[in-house]
Structures are given as structure tokens and as C-alpha cells.
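Hello,

Here is the structure we talked about handing over. Please look through it, then read the notes below.

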Amino acid sequence: MAKDLKKPRNEARSKKWVFGTMIVFSAFALIASLALSIEYAHLLKYPNEALACDINSALSCASVMKTWQATLFFGIPNSYFGMIGMAVLLTISVVLATGAKLPKWFFACIQIAAIGGLAFAWWMFFDSLYVIGVLCPWCLLVTTSMTILFGAITHFNLRENMFEFKRKTYDRILRFLNADGDKLIVASILVIFAFLAFAKFGFELIS
């Protein structure tokens, strides 16, 4: 059982880092989703006008919003689901930051939701990069935030042994987490994504 296993060092500081990260980046993703929703409504009303997030030929919200990928589920803009999901996650993050104790099954649900959100964000990134051929600035913020959120949620669940690993496996996980191995993975992924975007568009991204 998790309670019989050795707890990681700096437990209180680690929790503050996890919940603080969740609050900050769920707020970022919520703001991005809200902005996308507002821009989408504006695009419906004025389809020929440029949006505030239409920066150049490589970074354009409108170009992405006009594709079928922007309304993947039942014709509803993806950003609407993002607003709901991030508002819920932000609320949960604040509750956890206050010291509330929640059951293990709840954290399992959060992990599953994080996997789903990450998979969709990454799919949208690669689809925008290689199929649509244009990146959406606000979507990039969502993708970045979702990647960091997934890392923070997974870090917490592993550190607290929510999946009830055996002692030897759990000790290995703790050594990996204490060495910031998970943070290195998240940072590496974001660097790779940035490299892929630059490899695709080059200096179009800043022109």
C-alpha cells in the first residue's frame, strides 16, 4: 500500500509546486480557450475580417478556425470544450491547493482526462503543422499548457503512488522524480515542438 512506502523528500514543497503549476497553466489554457471562443464568434459575424491573432502566414487563428478540425465534435468549436475542461481543472487545482483530501479514484479520473486532453492538443498541433499548414497562436498556448499540466498531474500521481506500485518500483520512481527526470522530459518535448515548428516555417514565424 502507498502509506507503507517511503515518502519523497520535500513533500510539502513538491505539492505546492504541483498545485501552483496546475493553477497557473490551467488559467493560461482557460484564457486561451476563452480568447479563441470570442475570436470564433467574431469570425462567424465578420468572416472576411482579420482576427487579432492573425499574425502572419504561419500564425493565424482564422485559417485554422475555418477548417473542419476546429469543430471536431458535433460542430461545436473545440475551444468551448477547452473552456469547460480548464475551468473544472482550475477549480480542482485551487481546491487541492487549500489542502483538501480527495479519493484515489478522483485522481485516476484526472489522469485519464489529462491523457485525453494531451492527446487532443498534440493531435491538433501536428495536424495544424503538417495538414492545415498554419499554426494558431492561442492553440499553441493551449498545447504548451496542456503538456505542462499533464506533467504536473502525472508527477503528483506518481509521487503519491496513486497507482499503488510495489516498493521497489516506487523507490525507482521516486529517484527519477527527485532527479527532476519528468521535468526534463516535459521541457525536451516543448523544445522539440518548437524545433519542428521552426523547421516547417522558418523565419515566417517571426516575419
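**What was found**

Of the chain's 207 residues, 42% count as buried (under 20% relative accessible area; exposed is over 50%, partly exposed in between; 1.4 Å probe, protein chains only). This is a predicted model, where local features need pLDDT of at least 70, side-chain atom pairs count only at pLDDT 80 or more, and totals for chains, interfaces and linings use all residues. Residues are numbered from 1 along each chain as its sequence is written, and side-chain values use heavy atoms, with hydrogens and water left out.

**Fold**

The chain has 7 helices and 0 strands (DSSP runs numbered from the N terminus: H or I of at least four residues for helices, E of at least two for strands). The C-alpha trace spans about 65 × 35 × 25 Å along its principal axes.

**Pocket**

The largest pocket has a volume of about 880 Å³. A pocket here is an open set of points on a 1 Å grid over the protein atoms alone, where a 1.4 Å probe fits, with protein on both sides within 12 Å along at least five of seven lines. Lining residues have an atom within 4 Å of a point. The volume is the space filled by probe spheres set on the points, which are joined across faces, edges and corners.

There are 40 lining residues, and N78, F81, G82, F120 and V142 are the closest to the pocket centre. Helix α4 gives the largest share of the lining, 11 residues. The lining divides into 31 nonpolar, 9 polar and no charged residues (nonpolar: Ala, Val, Leu, Ile, Met, Phe, Trp, Tyr, Cys and Pro; charged: Asp, Glu, Lys and Arg; polar: the others, Gly among them).

**Aromatic rings**

The whole structure holds 15 aromatic pairs (ring centres of Phe, Tyr or six-membered Trp rings within 6.5 Å; planes under 30 degrees apart are stacked, over 60 edge-to-face, the rest tilted). F125 and F193 are stacked, because their ring centres are 4.7 Å apart and their planes at 15°. F125 is in α4 and F193 in α7 (residues 181–201), 68 residues apart. F125 is buried at 5% relative accessibility, and F193 is buried at 10%.

F198 and F203 pair edge-to-face, with centres 5.3 Å apart and planes at 85°. F198 is partly exposed at 40%; F203 is exposed at 60%.

W68, F73, F81, F120 and W123 form one aromatic cluster.

Best wishes
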